Amino acid sequence: MERIEQHASFGGRQEVWKHVSKTLGCDMKLAVYLPEQALCGHQCPVLYWLSGLTCTEQNFITKAGAQAHAARHGVIVVAPDTSPRGEAVPNDAAYDLGQGAGFYVNATQLPWAKHYRMQDYVAEELPRLIEQHFSASDARGIFGHSMGGHGALVTALRHPNQYLSVSAFSPIVAPSQVPWGQKALGAYLGSNSQAWREWDAVELVAVAQQQKLHILVDQGDADEFLALQLRPELLEAACKAAGHPLTLRMQPGHDHSYYFISTFMGDHFDHHAKYLSSFR
């Protein structure tokens with residue numbers, strides 16, 4: 001672990017770190033916000049943020065306004081990059097495949113399978129790293145935006161005992177049914193659409209047997225991707241059918257941008273704090 005950036009912020013410190021990921025086979029960057037309590041050695045719960053297409057660790061820490069809310073609740077916030085990176089890592093000319101578009105799955109197809117194992121990185125390697133190097137407890141929540149909202153929902157549903165809370169902004173809730181997801185899952189997992197179901201929140205909600213975390217979703221009704229790519233009504237129907245707790249809030253006039261995210265970021269921290277606060 002090598003710290004490459006640090007900034008004082010709301011009594012704590014925003015840092016960026018670089019490390020060699022054994023899971024992904026490349027160097028990775030991740031942002032870590034440490035509230036004052038963590039800097040003083042108190043073990044703090046951790047919120048993991050997963051960003052969307054084309055993003056790096058920088059988008060969230062510079063645009064979301066999350067540091068003030070993390071400081072208020074005494075929560076560490078970790079924001080990894082969205083994919084493996086580097087000259088040796090396969091890429092695609094399109095913005096929605098390859099570097100910057102890992103989709104938080106474990107790829108099984110060439111040329112992606114060697115490096116694109118973002119699910120294992122987020123759910124396994126990253127928590128071990130954070131809990132080893134920082135004053136972090138094993139009380140974890142997860143949230144994200146768009147592709148990262150998909151990642152947060154799928155990761156929480158696939159690891160029901162690993163996270164205490166989950167939420168999402170504008171998530172791709174049913175990637176197996178929309179163009180963004182069909183392109184990515186087809187490339188990373190192959191043409192067998194049955195394999196895609198394991199990476200689709202709508203499908204996973206329907207079969208969830210263990211702890212059912214209350215899902216909070218905020219979605220702007222002026223989002224240009226709403227009807228074709230996001231389709232929150234599919235998640236709403238699946239949760240209703242399965243009895244899975246969901247709060248879906250359609251926000252009038254809001255789009256897909258970080259203006260939208262920053263507006264409701266405090267609500268999401270409050271949501272997670274309800275479940276993480278007893279583990280401070």
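**Close-ups around Ser83**

**View 1. A polar atom of the Ser83 side chain sits 2.7 Å from the backbone nitrogen of Gly100.** This is a predicted model, where local features need pLDDT of at least 70, side-chain atom pairs count only at pLDDT 80 or more, and totals for chains, interfaces and linings use all residues. Residues are numbered from 1 along each chain as its sequence is written, and side-chain values use heavy atoms, with hydrogens and water left out.

**View 2. Ser83 and its contacts (heavy atoms within 4.5 Å).** Skip the neighbours within four places in sequence, and Ser83 touches Met28, Gly98, Gln99, Gly100, Ala101, Gly102, Tyr116 and Met118.

**View 3. Ser83 is in a loop, with β5 (76–80) on one side and α4 (118–133) on the other.** Helices here are DSSP runs of H or I with at least four residues, strands are runs of E with at least two, and both are numbered from the N terminus. Is Ser83 buried or exposed? Its relative accessibility is 0%, so Ser83 counts as buried; the cut-off for that is under 20% relative accessible area, with a 1.4 Å probe and protein chains only.

**View 4. Stepping back to the chain, we find 11 helices and 9 strands.** With a radius of gyration of 17 Å, close to the 19 Å from the globule rule for 280 residues, the chain is as compact as a globular protein of that length. That radius is taken over C-alpha atoms, and the rule is 2.2 Å times the number of residues to the power 0.38. Of the 280 residues, 59% count as buried.

Key:
Buried means under 20% relative accessible area, exposed over 50%, partly exposed in between (1.4 Å probe, protein chains only). A polar contact is a pair of N or O atoms within 3.5 Å; within protein, one must be able to donate a hydrogen and the other to accept it, and residues adjacent in sequence count only if both atoms are side-chain atoms.
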